[in-house]
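This report covers domains, sheets and helix packing in a single protein chain. The sequence and structure come next.

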Amino acid sequence: MKTKQKIDTVARDLSDEVHEANFIGAKMKSERRYAALGRDYADPDKLRETAGKIKQHTLEHLDQYLEQAEASFTRNGAKVHFAFDETAARQKVLDIMNEKGCKSMVKSKSMLTEEIHLLDFLEKSGKEVVETDLGEFILQIDGDHPSHIVTPIVHKNRRGIAKSFEREGLGEYNDDPETITRRARAHLRQKYLDADVGLTGANFVSAESGRIAIVTNEGNARFCMAANKVHIAMVGIEKIVPTDRDLALFLNLIGRSGTGQQLTVYNQFIGGPKRPEQPHGPEEMHIIFVDNRRTEVLASDCREILRCIRCGACLNVCPIYRQSGGHAYRSVYPGPVGAVLSPLLAGNRFPQLADLPKASSLCGACNEVCPVNIPIPDLLLRLRDKAKREGASEAMKGTPKLGMWATLCSQPSMWKTALTMGHTMNYIPTQLVPHPSAQSWQGTRKLPKFQGGDFRKWFKNRKKK
């Protein structure tokens, strides 16, 4: 069958090596996740429902919680900024760096900074930016982009990474994982000490106490702040939760859902710059709350997608993601969550990404594993309907017209005849089949001989009695 959708084309052209890395990497995490939740909780679905309700409540009262969070951070001594779009968000970071005379930055992993292309902007503005998450660092030296929300280099293997390190002068070729890690650590250690400012994201924000929660397995976010006088935290407005007590639930879910860990190795709670009695830490803390079309998503009929806590569980379990990999989604957020979120965040560019909601089998696995119970299959159907109503050509590619099928299904006499006589299609030459979609289908499949009819006869006679 011809592959006309872009995601099909990318999946078809993947090398065997990359395809295998994507498939195995995603499958392993999914199995570990099932084991972690099932081992520790008798009814994990109750947790998912509770977490989903908390996030949905927060979204429906987001204006109130944003005001509360601003007041809490200000009380703690942090400076709060709001950025309506990606241009404002990038410029705010640059303004802070220029105001403080900062020339270099170390940053921890943040999907939001990928979304607004912050690294490219700062480098073009003459600033040095170094990614400190090991996966992101490898992507940076390769000029590549993440293909997974949690494990950005799931599409790479150690042989390719060893070649990259050799090319960048980080030692002779050696594909031993421990050696690669030691070399990266030695290289990044000096960058931490030389940088002027540290930038992090935030996994959650407590409106009650004005604290951000950051979870990592490498501790690099902590190092980004340790030696710098200025800390910038860039946060999407949907990351807020009402209270500190809520953090316990979400921290337990994000570790188990993302990597199968009971808890991530490093969990930090940052509530402002260092106090006078504290000897170390940033003297300034800036919080930048970024909208970038999130309020438009909130106003749409797909607002539930803003509950997402970026654990990547839906990617790992998705049969489409396992076959195609993250780059096939042509956006920052891949997988099922990306198929919903990316077209919505695209704004006027929705037609360009309108094919992504069709990159799903609608099997429902993404909904079953989502720690905040997002009804992703329902949202995908709503976006398919939106693409149809708006006539998005990208979504129509490779899609047969189903008017004839609809007529067949809505006429009982025609439907019965088709069921009875359908197997005769097997003997008709493909080029004589009356519809292009039926020709395509018939080219790769054979219809079984009709074996039914007994139920209809029984039901008809039963009604007469």
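This is a predicted model: local features need pLDDT of at least 70, side-chain atom pairs count only at pLDDT 80 or more; totals for chains, interfaces and linings use all residues.

A crossing is called left-handed if the near helix is turned anticlockwise from the far one by less than a right angle, and right-handed if clockwise.

## Domains

The protein is divided into three parts: domain 1 (6–27 + 296–396), domain 2 (43–292) and domain 3 (411–461). Taken over C-alpha atoms, the centres of domain 2 and domain 3 are separated by 56 Å.

## Helix 16 and helix 19

Two packed helices are described by the angle between their axes and the distance between the axes. For helix 16 (residues 335–345) and helix 19 (residues 376–390), the axes come within 10 Å and cross at roughly 40°. Angles under 35 degrees count as roughly parallel and 65 to 115 as roughly perpendicular, and helix 16 and helix 19 are therefore oblique to each other. Their crossing is left-handed.

Helix 16 contributes P336, V337, A339, V340 and L344 to the contact, and helix 19 contributes I376, L379, L380 and L383. By class, this contact of helix 16 with helix 19 has nine nonpolar residues, with no polar and no charged ones.

An open sheet of six strands is arranged in the order 1-10-7-4-2-3, and its pairing is parallel. Strand 1 (79–83) and strand 3 (128–131) are the edge strands, each pairing on one side only. On average, neighbouring strands of this sheet are turned by 20° against each other, direction ignored.

Within the order, strand 4 (residues 197–200) and strand 7 (residues 230–236) run parallel and are joined by four bridges. L199 stands opposite I232 of strand 7.

Another open sheet has four strands in the order 8-5-6-9, with mixed pairing. Strand 8 (240–241) and strand 9 (266–270) stand at its edges with a single partner strand each, so one side of each is left without a neighbour in the sheet. Strand 5 (residues 204–206) pairs with strand 6 (residues 211–216) in the antiparallel sense over three bridges, and F204 stands opposite A213 in strand 6.

Helix 12 lies across strand 5, strand 6, strand 8 and strand 9. Its direction is at about 165° to strand 5.

## Helix 3 and helix 12

Helix 12 (residues 244–258) also packs with helix 3 (residues 44–60), at an angle of about 125° and with the axes 11 Å apart. Angles over 145 degrees count as roughly antiparallel and 65 to 115 as roughly perpendicular, which makes helix 3 oblique to helix 12. The crossing of helix 3 and helix 12 is left-handed.

On the side of helix 3, the residues that meet helix 12 are L47, T50, A51, I54 and K55. Their counterparts in helix 12 are D246, L249, F250 and L253. By class, the contact of helix 3 with helix 12 has six nonpolar residues, one polar residue and two charged residues.

## Helix 9 and helix 10

Helix 9 (residues 158–167) and helix 10 (residues 177–194) have axes that come within 11 Å and cross at roughly 35°. The crossing of helix 9 and helix 10 is left-handed.

R158, I161, A162 and F165 of helix 9 meet P177, I180, R183 and A184 of helix 10. The residues of the contact of helix 9 with helix 10 divide into six nonpolar and two charged, with no polar ones.

Conventions
Residues are numbered from 1 along each chain as its sequence is written. Side-chain values use heavy atoms; hydrogens and water are left out. Domain bounds come from an automatic or database domain assignment. Axes are lines fitted to C-alpha atoms, for helices over the stretch in contact, and angles run from 0 to 180 degrees between N-to-C directions. Helices (H or I, at least four residues) and strands (E, at least two) are DSSP runs, numbered from the N terminus. Contact means heavy atoms within 4.5 Å. Ala, Val, Leu, Ile, Met, Phe, Trp, Tyr, Cys and Pro count as nonpolar, Asp, Glu, Lys and Arg as charged, and the others, Gly among them, as polar. Two strands pair if DSSP finds at least two bridges between them.
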